[in-house]
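Please read this briefing with the sequence and the 3D view side by side.

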Amino acid sequence: MNAHVQAPTTVKTTCPYCGVGCGVLATPDGQGGVAIAGDTGHPANFGRLCSKGSALGETVSLDGRLLHPHVDGARTSWEAALGTVAGSLRKIAEQHGPDSIAFYLSGQLLTEDYYVANKLAKGFLGTPHVDTNSRLCMSSAVAAHRRAFGSDTVPGCYEDLDEADVIVLVGSNTAWCHPILFRRMIDARQKRGTKLVVVDPRRTQTGEEADLFLGLEPGTDTALFSGLLVHLAATGAVDARYVADHTSGFDGALERAAAIAPSVAATAAATGLSEADVAAFFALFSGTERVVTAFSQGANQSAQGTDKGNAIINCHLATGRIGRPGAGPFSLTGQPNAMGGREVGGLANMLAAHMHFAPEEVDRVRRFWKAPNIITGEGMKAVALFEAVARGKIKALWVMGTNPIVSMPRADAIRESIKGLDLYVVSEAVADSDTARATGKKTVLLPALAWGEKDGTVTNSERRISRQRAFLKPPGEARADWAIIADVAKRLGHGAAFAYPNAAAIFREHAALSAYENNGTRDFDIGGLADIPDATYAGTLPLQWPLPKRGKAKARLFADGRFYTFDGRARFVAVQAPALAQAVTEAEPFVLNTGRVRDHWHTMTRTGKSQRLSAHRAVPFVEIHPDDAARLGVQEGDLARVSTPHGSAILEAMLTDGVRRGNLFASFHWSDATASDARVGALVRGVPDPVSGQPELKATPAALTPAPYRNRGFLLTRAEYTPPSGWWWARATVEGGSGLQFATQESSRAVALAMRGLFQGLELAEYADHARGHYRCAVYDGARLVACLALAPSAAKPGWEAAKAYFAQAEPEPAARRALLSGRAESASAGPTVCACHGVGLDVITGVIAAGAGSVEAVGAACKAGTNCGSCIPEIRKLLPQVLARNAA
Ligand SMILES: Nc1nc2c(c(=O)[nH]1)N[C@H]1C(S)=C(S)[C@@H](COP(=O)(O)OP(=O)(O)OC[C@H]3O[C@@H](n4cnc5c(=O)[nH]c(N)nc54)[C@H](O)[C@@H]3O)O[C@H]1N2
Ligand SMILES: Nc1nc2c(c(=O)[nH]1)N[C@H]1C(S)=C(S)[C@@H](COP(=O)(O)OP(=O)(O)OC[C@H]3O[C@@H](n4cnc5c(=O)[nH]c(N)nc54)[C@H](O)[C@@H]3O)O[C@H]1N2
Ligand code: SF4
Ligand SMILES: [Mo]
């Protein structure tokens with residue numbers, strides 16, 4: 001080997017996406033790129049990665065990164081930027097009081113970043129207004145845990161999924177959103193016959209795989225689980241001894257449940273399910289000891305999210321199925337560090353280290369931090385916090401690691417409110433997020449290190465603390481979030497309390513606080529790590545908490561029947577009947593549900609860079625039932641305007657009987673940076689849950705009308721291009737460049753003229769039939785293909801799969817050049833991507849099925865589809881009978 005070339009070293013780190021928290025092996029190539037593999041030694045994934053994790057290597061390039069500080073749009077030095085932040089914060093605190101300053105943080109920050117931000121705000125600046133995107137994510141689960149257990153504790157662990165006989169998934173599209181856990185569930189089914197029950201108004205890919213799918217009416221979960229509690233009591237399935245010894249409030253909860261859903265028939269009526277399905281679910285639950293009920297956003301993001309969580313937990317407490325192998329309620333966390341944020345106290349209703357605002361807790365944290373300005377009560381939660389920004393009560397806002405102008409409900413109003421801020425600070429990894437585009441009276445953009453560059457810890461859904469490790473050089477002037485905050489603290493005169501030499505020192509302080517005067521009174525205790533040397537911090541984790549100084553780590557809590565309430569008993573909660581928060585009207589006859597797609601992460605600032613991940617769903621869409629679509633004259637692929645009193649978006653209609661009649665589903669991934677008119681967050685009403693403050697994101701009354709455009713088309717370019725205003729468009733990364741799907745009222749002649757103008761001086765190969773409104777062109781710079789466009793009347797919208805394949809080659813062969821213009825090339829394509837890991841298209845899969853591959857395994861053997869992460873297996877399974885039936889016909 002050349003002596004100057006270093007052997008590649010592999011770094012163990014953790015996936016920055018979902019809360020499964022998979023271990024990743026990253027091998028940098030020394031040129032800024034990295035090879036990614038699953039870590040076989042990590043107990044969350046044992047070497048597996050889903051499509052998003054596998055494609056991490058495609059997202060680490062420096063394109064589009066924010067690399068330098070900016071003040072009011074102009075690049076500046078760190079010195080000047082931090083001087084502006086500290087100076088303005090000081091002035092605002094003096095003039096309006098420290099509680100006119102707010103922080104909006106993120107479950108994607110590392111624990112160390114989060115800890116330092118929380119400490120600065122709550123102990124030193126003295127503002128309680130620190131909330132996080134976790135308010136939108138799992139604050140209802142937190143509130144439900146605290147009501148039931150007296151602490152925010154996830155009782156179980158991933159092994160419970162391997163060891164359960166029934167897994168109930170409530171409001172969770174696990175196959176797409178927690179794919180590696182879903183793989184574990186499917187393995188359990190194969191190994192021990194585990195039955196899957198899926199509770200979701202939408203028949204998702206997860207629902208397709210269920211043994212029992214319960215497609216209930218939106219928002220009726222508390223009725224379903226109330227009916228179950230009544231059934232458990234009526235059939236002798238309650239563990240009377242456990243209830244007597246370890247809980248309180250059973251009678252009250254049962255009485256309320258009986259008022260909501262006294263029988264199978266009443267439960268069916270209240271949920272819109274059939275009596276047979278309700279009875280089957282009740283029998284399965286009551287007759288099985290090892291039941292895990294896993295829940296996520298269909299439960300949490302609800303005007304009744306906390307009650308939904310408690311209705312579930314009630315059924316587990318009643319049967320004593322908690323803290324035991326294969327049994328328990330299980331909140332699946334979304335973000336990689338949703339749990340870490342809860343541990344440091346990043347939510348507005350927490351102080352620090354799972355402590356709240358009892359006077360002795362406030363005093364304890366004050367003494368530990370030596371804090372001059374400790375806060376004494378809760379701050380405003382996200383929805384209220386942004387309302388206070390709009391009212392002018394909040395004068396300074398610092399946003400870190402989240403994109404609220406896309407992800408908050410009523411996002412247009414949020415964007416408007418920013419304008420009034422005296423100081424608006426955004427710590428970001430990318431230069432052009434919608435949140436970074438917004439401006440206050442003074443706007444500061446601070447470049448943060450991103451995944452692969454930063455160093456610290458995250459905690460996954462099963463309380464396991466893993467390391468994210470740096471394996472790339474810090475780019476430009478980007479810095480770690482914690483270091484930026486510590487620097488501002490120093491400028492505000494708090495240098496001594498923020499003099500951290502490295503992330504390990506912060507972690508030790510955090511661990512020490514968790515153990516401080518704890519003595520078993522608080523669930524979160526990682527005192528065993530309070531003295532962890534730098535080298536051990538660098539090498540040892542993952543570890544599961546609790547991990548006290550004395551005593552052992554526990555995979556499961558509450559096995560001893562003792563809880564963190566003052567009397568040690570768990571609480572049953574009397575929940576409310578489903579409130580029709582989504583009550584539709586004549587003007588807004590649909591219920592708009594929102595959520596995720598398989599291959600994109602949130603606002604796409606990272607997954608949007610990957611052509612593999614951009615192929616599965618390349619256009620913002622709205623799912624609608626075929627009967628509703630027919631009534632409105634909307635066909636598959638048509639554009640439709642979805643609107644609510646808060647905003648509107650134009651989305652491509654996807655007809656599916658997977659959504660109920662009267663329901664719509666759209667995903668909130670697209671932003672103003674990636675589409676002209678598809679920021680779905682703007683439409684969402686976001687009524688907060690009265691207990692947790694988590695906004696309802698799954699049920700907004702909405703209207704849908706066709707949005708006809710004269711022509712539809714696509715444009716592939718090497719560099720990103722933004723069409724003129726008036727055009728509808730959505731952007732997706734394609735191999736070798738950037739792709740746009742667009743719609744316009746312009747004629748094909750006008751579009752042809754525009755192309756000639758745009759690519760002046762280059763060679764245009766054109767095909768035009770303006771009489772029929774068809775136009776295609778390919779633009780060459782010598783032999784190099786630099787752009788390619790196809791346009792047709794909307795009803796004949798051209799597909800882009802084949803053109804994308806040609807565009808992937810820089811210099812296509814003559815045959816390919818002809819095919820590009822012919823418009824017939826489509827037949828040569830692989831069709832829309834189904835398997836993102838191996839890039840296998842629909843047509844290839846239907847081809848191998850037609851040629852005899854009769855099972856998911858056979859399809860995998862024939863074309864590799866579904867053999868890596870398995871997220872597309874439900875889609876393949878669904879294709880099998882369709883193609884086989886077509887074959888037989
Ligand atoms: N691919 C991908 N994976 C992700 C993410 C991502 O952006 N992309 N984000 C991560 C994050 S932060 C999170 S929070 C998780 C979210 O993971 P999930 O909660 O699985 O995802 P969602 O799609 O938001 O919503 C889940 C389901 O709730 C259903 N639902 C709507 N209303 C109701 C109702 O009233 N009752 C019930 N029972 N169900 C209802 C929706 O139809 C939807 O299918 O995913 C994580 N994983
Ligand atoms: N309608 C609707 N809205 C929703 C949801 C829904 O289901 N429906 N789900 C909600 C949920 S559960 C969630 S979790 C939120 C997610 O919503 P957001 O948190 O707003 O989405 P992200 O795209 O993950 O935003 C993270 C931002 O941080 C930046 N970033 C990346 N790494 C770093 C870093 O190291 N430091 C800093 N400072 N910045 C970094 C990224 O570029 C990106 O802009 O959306 C919520 N909004
Ligand atoms: S399941 Fe996928 S997105 Fe989630 S942590 Fe694992 S690899 Fe990352
Ligand atoms: Mo989330």
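By class, how many nonpolar, polar and charged residues does the lining of the second largest cavity have? It has 13 nonpolar, 20 polar and nine charged residues. Ala, Val, Leu, Ile, Met, Phe, Trp, Tyr, Cys and Pro count as nonpolar, Asp, Glu, Lys and Arg as charged, and the others, Gly among them, as polar.

This is a predicted model, in which local features need pLDDT of at least 70, side-chain atom pairs count only at pLDDT 80 or more, and totals for chains, interfaces and linings use all residues. Residues are numbered from 1 along each chain as its sequence is written, chains are lettered from A and ligands numbered from 1 in the order in which they are written, and side-chain values use heavy atoms, with hydrogens and water left out.

- Rolling a probe the size of a water molecule over the atoms shows where empty space is left.
- On a 1 Å grid over the protein atoms alone, a cavity is a set of points where a 1.4 Å probe fits but cannot get out. A pocket is an open set with protein on both sides within 12 Å along at least five of seven lines. Lining residues have an atom within 4 Å of a point.
- The whole structure holds seven cavities of 30 Å³ or more. Grid points are joined across faces, edges and corners, and a volume is the space filled by probe spheres set on the points.
- The second largest cavity has about 530 Å³ of space. Its lining counts 42 residues, and G171, Q297, G298, T594 and K698 lie nearest its centre.
- Strand β21 gives the largest share of that lining, four residues. Helices (H or I, at least four residues) and strands (E, at least two) are DSSP runs, numbered from the N terminus.
- Domain 3 (139-331) and domain 4 (590-706) each supply at least three residues to the lining of the second largest cavity.
- The largest pocket has a volume of about 1400 Å³. Of its 50 lining residues, H616, R617, E636, M654 and P832 lie nearest the centre.
- That pocket's lining divides into 20 nonpolar, 15 polar and 15 charged residues.

**Ligand 3**

- Among the residues around ligand 3 are C15, C18, C22 and C50. Here a residue is near a molecule if one of its heavy atoms lies within 4 Å of it.
- The shell has nine nonpolar, two polar and one charged residue.

**Domains**

- Domain bounds come from an automatic or database domain assignment. Domain 2 is given as 70-136 + 337-544.
- The centres of domain 2 and domain 3, taken over C-alpha atoms, are 34 Å apart.
- 15 residues of domain 2 are in contact (heavy atoms within 4.5 Å) with 16 residues of domain 3.
- The two domains bury about 1200 Å² between them, 43% of it on carbon and sulfur atoms. R342, S461 and E462 supply 37% of the area that domain 2 buries against domain 3. Buried area is the accessible area (1.4 Å probe) that two parts lose on being put together, summed over both.

**Single residues**

- Most residues other than glycine have a negative phi, and most peptide bonds are trans.
- W545 and P546 are joined by a cis peptide bond, with omega about 5°. P546 sits in the loop between β19 and β20.
- R410 has a positive phi, near 50°. R410 lies in the loop between α19 and α20.
- E811 is in the loop between α27 and α28. Leaving aside neighbours within four places in sequence, E811 is in contact with A783 and R784.
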